[in-house]
Amino acid sequence: MRELTYLEAVRECMSQEMRVNQDVFIMGEDIGVYGGAFGVTRGMIEEFGKERVRNTPISEAAIAGAAVGAAMTGMRPIVELQFSDFITIATDQIVNQAAKNRYMFGGKGKVPLVLRTPSGSGTGAAAQHSQSLEAWMAHIPGLKVIQPSTAYDAKGLLKAAIDDDNPVIFYEHKLLYRTKGHVPEESYSLPIGKADIKRAGTDVTIVATAIMVHKALQAAAELEKEGISVEIIDPRTLVPLDIETIVESVKKTGRVVVVHEAVKRGGFGGEIASLIAESEAFDYLDAPIKRLGGKAVPIPYNPVLEKAAIPQEQDIIQAVKETVFR
């Protein structure tokens, strides 16, 4: 099977959907000739033209508002926000309009909107351009929240998001854009709300999201050398969350570490931990649930401090050992 980068997989999905559905279009800042802040839409304006690859003013509130209106009148817009931090500027349109309109119109109104946005740290973009705010969006009824960790998942889940009649927040970690994976050439869809077992194991479960999936896989390879078998669950979608797959894994291993890049305080890992504690998996636990998350500081510009602000491979290894050997 051929390999694509995560970035190429996202672009290919959008292009394939735009070729077969005239209602699908893209809008965002500098997504035309420039190709977007990270080059995801590069070359698309040449194929689809400026009417379907629409450069917008620098106003996230206006972009989101226009997209909500377009979606409610029959189009299927894909919005690209340059950085997920700027979702704060578009919050009213997303939280009070997109998320609630279908409910407030008794199901007669649809909002088939996908908001794609790069998140996370690791590029030296500093405090205002490096945050992981997915827990904010996961808190809002009416929104679906997706966090793919691989090129294969990104293409299949983006296709599902575009086809969905509900607003979807689609987080793409910046450091994943250049990672490669096997991706089918044909169009395909992955179910929203179905987790993936990225690695089978027997001693401890790691539930990881986005870039932390890759760090967890690296940690698991090192832990295997010491005789510790790690199972890694990637939820892929936070809303809806496939808690059943997580629970079954924890019942098997008896131990669980939950890790994400976002600040630990108030992060989505707390929701996962609570759901495990409230489930039948609680009676199978041989150690307390362990959570890893970012430190409660703005992401530093300094690369050494930036790295120290979020969990790294060694932190995951240490957390697993504390859980297994307690």
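Let me start at Ala210, which sits in the loop between β10 and α8 (211–224), where helices (H or I, at least four residues) and strands (E, at least two) are DSSP runs numbered from the N terminus. Phi of Ala210 is near 50°, a positive value in a residue other than glycine, and at 8% relative accessibility Ala210 counts as buried, a word that here means under 20% relative accessible area, with exposed meaning over 50% and partly exposed lying in between (1.4 Å probe, protein chains only). As background, most residues other than glycine have a negative phi, and most peptide bonds are trans.

Before I go on, please keep in mind that this is a predicted model, in which local features need pLDDT of at least 70 and side-chain atom pairs count only at pLDDT 80 or more, while totals for chains, interfaces and linings use all residues. Residues are numbered from 1 along each chain as its sequence is written, and side-chain values use heavy atoms, with hydrogens and water left out.

Arg236, in the loop between β11 and β12, has a positive phi of about 65° although it is not a glycine, and at 6% relative accessibility Arg236 counts as buried. The peptide bond from Val239 to Pro240 is cis, with omega near -5°, and Pro240 is placed in the loop between β12 (237–239) and α9.

That brings us to helix α9 itself, residues 243–253, in which Ile243, Thr245, Ile246, Val247, Ser249, Val250 and Thr253 are buried. What do these buried residues pack against? Their partners are β9 (196–199), β10 (204–208), β11 (230–234), β13 (256–263) and α10 (268–277), taking contact to mean heavy atoms within 4.5 Å. Just after α9, Gly254 takes a positive phi of about 80°. Lys252 forms a salt bridge with Glu231, the closest N and O atoms being 2.5 Å apart; since Lys252 lies in helix α9 and Glu231 in strand β11, the pair ties together parts that are 21 residues apart in sequence. Lys252 is partly exposed, with a relative accessible area of 46%, whereas Glu231 is buried, at 3%.

By salt bridge I mean a side-chain nitrogen of Lys or Arg within 4 Å of a carboxyl oxygen of Asp or Glu, and the structure holds 22 of them. Two involve Arg116. Arg116 forms one with Glu80, the closest N and O atoms being 3.0 Å apart, and this pair links distant parts of the chain, with Arg116 in strand β5 (residues 114–119) and Glu80 in strand β4 (residues 76–80), 36 residues apart. The side chains of Glu172 and Arg116 also meet in a salt bridge (2.6 Å, N to O), and here Glu172 in strand β7 (residues 168–173) is 56 residues apart from Arg116. How accessible is Arg116? Arg116 is buried, with a relative accessible area of 1%; Glu80 is buried at 5%, and Glu172 is buried at 0%.

Now to the domains. The domain assignment gives domain 1 (2–183) and domain 2 (196–325), bounds that come from an automatic or database assignment, and their C-alpha centres lie 26 Å apart. The contact takes 26 residues from domain 1 and 23 residues from domain 2. The area buried between domain 1 and domain 2 is about 2000 Å², of which carbon and sulfur atoms give 59%; buried area is the accessible area (1.4 Å probe) that two parts lose on being put together, summed over both. In domain 1, Ser121, Gln147 and Ser149 lose the most area to domain 2, together 24% of what that side buries.

Between domain 1 and domain 2 the count is 2 salt bridges. Asp153 forms a salt bridge with Lys198, the closest N and O atoms being 2.6 Å apart, and α6 (134–138), β6 (144–146) and α7 (151–163) each supply at least two residues of the side of domain 1 that touches domain 2.

At 16% relative accessibility, Lys159 counts as buried, and, not counting residues up to four places away in sequence, Lys159 touches Cys13, Glu17, Ser187, Tyr188 and Ser189.
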